[in-house]
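Open the model in your viewer and keep the sequence panel beside it. The tour goes stop by stop: select what is named, look, then move on.

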Amino acid sequence: MLRQIKPRNARSKRALEKREPKAIENPKTCLFLRGTTCSQIVQDALNELYALRVPLAKKFTKKNPVHPFDDASSLEFFSEKNDASLLLFGSSQKKRPHNLTLVRTFGHKVLDMIELGLDAESFRTIAQFKTRKFAIGLRPMVLFAGTAFESPVANEYTLAKSMFLDFFKGDPSEKIDVEGLQYIVSISADEETSSSDPDVKPALHLRVYLISTKRSGQKLPRVEVEEIGPRMDFRIGRIREAEEAVLKEAMKKPKGMEERTKKNVTTDSMGDKLGRVHLGKQDLSEMQTRKMKGLKRSRMDAEEEQDREDVVEEDSKRAKQ
């Protein structure tokens with residue numbers, strides 16, 4: 001555990017206040033680590049993901065004897081010392097070659113983690129794509145394709161979706177400039193077939209595309225995408241889900257941040273506001289209707305009604321005879 005440091009000057013005081021809990025938290029910083037045995041492919045993958053995460057990223061170049069699923073105390077130490085709530089650990093072993101472990105923390109304690117096995121044959125770096133690149137610091141659009149991500153029950157794919165969203169989220173902002181949406185990160189999952197091996201889980205495919213708009217002769221432009229890298233295929237390995245009590249505490253919203261619900265006012269799926277009005281019971285017998293011009297009977301109506309009564313009376317007399 002790190003010792004509590006009392007600030008000696010204004011700069012250290014500001015640094016400590018920056019790390020304190022806030023109603024609106026700072027953007028998450030991701031720390032990139034490598035193990036004692038790490039292949040060149042895993043190191044290249046860490047560099048590529050680091051380039052996508054800059055400037056909210058820190059990278060260590062030295063080897064660290066860390067085993068996340070056996071003992072995560074070292075990761076918690078690095079998380080607290082560097083004020084990083086996301087960690088990406090790369091390692092390579094004989095049993096698990098080319099392995100990436102994505103870790104998420106809460107209060108500098110490990111919340112959940114997932115292990116991703118990188119396919120070395122299909123891996124491509126950004127430099128291998130001779131295309132135009134995007135500017136540093138822009139927020140991407142994230143697309144998830146595949147029925148595995150839509151499972152109503154929490155599993156390894158819903159966990160991977162949540163962690164990838166946190167990884168590519170970047171700096172939160174209320175207003176987004178359309179000109180800043182220059183690239184898209186696509187993460188797709190293979191579909192399960194009846195002939196596939198139940199022990200082999202569907203692979204995940206990560207692709208990055210650059211967005212370009214061109215003239216179409218209409219009001220809306222024609223949108224085209226071009227792959228710019230990196231290209232990665234993953235196989236999900238071990239996972240560690242968050243404890244229910246800790247997850248509930250992590251998802252808790254501070255007071256004053258939630259929008260107050262107004263009574264009898266709702267919003268439909270189209271964004272239209274609907275209101276409900278409650279009225280008391282009305283006594284229609286006390287309503288004055290004779291003095292209203294619209295409800296008065298005219299002379300012609302009275303004569304027609306008298307003629308109908310005479311006809312009915314004559315018909316009844318004939319029936320009696």
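Is H108 buried, partly exposed or exposed? H108 has a relative accessible area of 23% and is therefore partly exposed; buried means under 20% relative accessible area, exposed over 50%, and partly exposed in between, with a 1.4 Å probe and protein chains only.

Before going on, note that this is a predicted model, in which local features need pLDDT of at least 70 and side-chain atom pairs count only at pLDDT 80 or more, while totals for chains, interfaces and linings use all residues. Residues are numbered from 1 along each chain as its sequence is written, and side-chain values use heavy atoms, with hydrogens and water left out.

**Stop 1**

Helices (H or I, at least four residues) and strands (E, at least two) are DSSP runs, numbered from the N terminus. The phi of H108 is positive, about 60°, although H108 is not a glycine. Most residues other than glycine have a negative phi, and most peptide bonds are trans.

Now select D83, in the loop between α3 (73–82) and β3. D83 is not a glycine either, and its phi is near 55°. With 27% relative accessibility, D83 counts as partly exposed.

Two cis peptide bonds come next. One joins V54 and P55, with omega about 10°; P55 sits in the loop between α2 and β2 (57–63). Another runs from G229 to P230, with omega near 0°; P230 belongs to the loop between β9 (222–227) and β10 (232–240).

Contact means heavy atoms within 4.5 Å. T125 lies in the loop between β5 (109–118) and β6 (141–145), and its relative accessible area of 15% makes it buried.

**Stop 2: helix α3**

Select L75, F78, S79 and N82, which are buried residues of α3. They are on the same side of α3 because they cover an arc of only 100° around the axis; the arc is that of the directions from the helix axis to the C-beta atoms. Show the strands as well: the buried residues of α3 pack against β1 (30–34), β2, β3 and β4.

**Stop 3: a cavity and a pocket**

How many cavities of 30 Å³ or more does the structure hold? There is 1. On a 1 Å grid over the protein atoms alone, a cavity is a set of points where a 1.4 Å probe fits but cannot get out; a pocket is an open set with protein on both sides within 12 Å along at least five of seven lines, and lining residues have an atom within 4 Å of a point.

Select L49, L88, L100, L102, L116, F164, F167 and F234, which line the largest cavity. β4 (99–106) and α4 (156–169) are the elements that give two or more residues to this lining. The space in the largest cavity is about 70 Å³, a volume being the space filled by probe spheres set on grid points joined across faces, edges and corners.

Centre on L88, in strand β3 (residues 86–91). L88 is buried, with a relative accessible area of 4%. The C-alpha atoms of L88 and L49 are 9.3 Å apart, although 39 residues separate them along the chain.

For the second largest pocket, select A51, L52, V54, G137 and L138, which lie nearest its centre among 23 lining residues. This pocket holds about 360 Å³ of space.

**Stop 4: salt bridges**

Select D166 and K28, whose side chains meet in a salt bridge at 2.9 Å, N to O. A salt bridge is a side-chain nitrogen of Lys or Arg within 4 Å of a carboxyl oxygen of Asp or Glu. D166 is in helix α4 and K28 in the loop between α1 (10–19) and β1, so the pair ties together parts that are 138 residues apart in sequence.

Then select D233 and R207, a salt bridge with its closest N and O atoms 3.0 Å apart. This pair links strand β10, which holds D233, to strand β8 (residues 204–214), which holds R207. Both D233 and R207 are buried.

The last pair is K214 and E224, a salt bridge of 3.2 Å, N to O. A search of the whole structure finds 11 salt bridges.
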